[in-house]
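Please open the model in your viewer and keep the selection tool at hand.

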Amino acid sequence: GKGLLLPLFGDSEQEWAKGLRVTLYLAGLAWCFMGVAIVADVFMSAIEAITSKTKSVTVQIEETGETRKVRIRVWNDTVANLTLMALGSSAPEILLSVIELMGNNFYSGSLGPRQSLDLLLSI
């Protein structure tokens, strides 16, 4: 069959040995998984750097009347984790929508623009 990306070399690829094709496609799949792992690692490092930010706040102690500077966290860990969970659970649908739009010359397909918009707004 003729897919959007595969087979990479058209119908002539069907004449190749099955073992060669399996090896090439498994190597490509492993390469894609490594790319996803690298992007996820960078993304998690960025989220950790963002959520670990602190700021100084001056607090007055009521009993003694003295003031102290206290460092508090800017971001709530729960909010950051929920954002990551929403992104992670919606990622497959978002990627399918992007692939569909690119494959249809940026015209909506069977998923439709409404679902794509809903997925992006859920993040």
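Helices (H or I, at least four residues) and strands (E, at least two) are DSSP runs, numbered from the N terminus. Residues are numbered from 1 along each chain as its sequence is written. This is a predicted model, in which local features need pLDDT of at least 70 and side-chain atom pairs count only at pLDDT 80 or more, while totals for chains, interfaces and linings use all residues; side-chain values use heavy atoms, with hydrogens and water left out.

**First selection: the largest pocket.** Select F43, M44, L84, L87, G88, A91, I94 and L95, which line the largest pocket. On a 1 Å grid over the protein atoms alone, a pocket is an open set of points where a 1.4 Å probe fits, with protein on both sides within 12 Å along at least five of seven lines; lining residues have an atom within 4 Å of a point. Two or more lining residues come from each of α1 and α2 (77-103). Helix α2 gives the most, with six residues.

Is L20 buried, partly exposed or exposed? L20 counts as partly exposed because its relative accessibility is 44%, where buried means under 20% relative accessible area, exposed over 50%, and partly exposed in between (1.4 Å probe, protein chains only).

Select β1 (residues 54-60) and β2 (residues 67-73), which run antiparallel and are joined by seven bridges; two strands pair if DSSP finds at least two bridges between them. Next, select S56, whose bridge partner in β2 is R71. Finally, select G65: in this hairpin, with six residues between the strands, G65 takes a positive phi near 80°.
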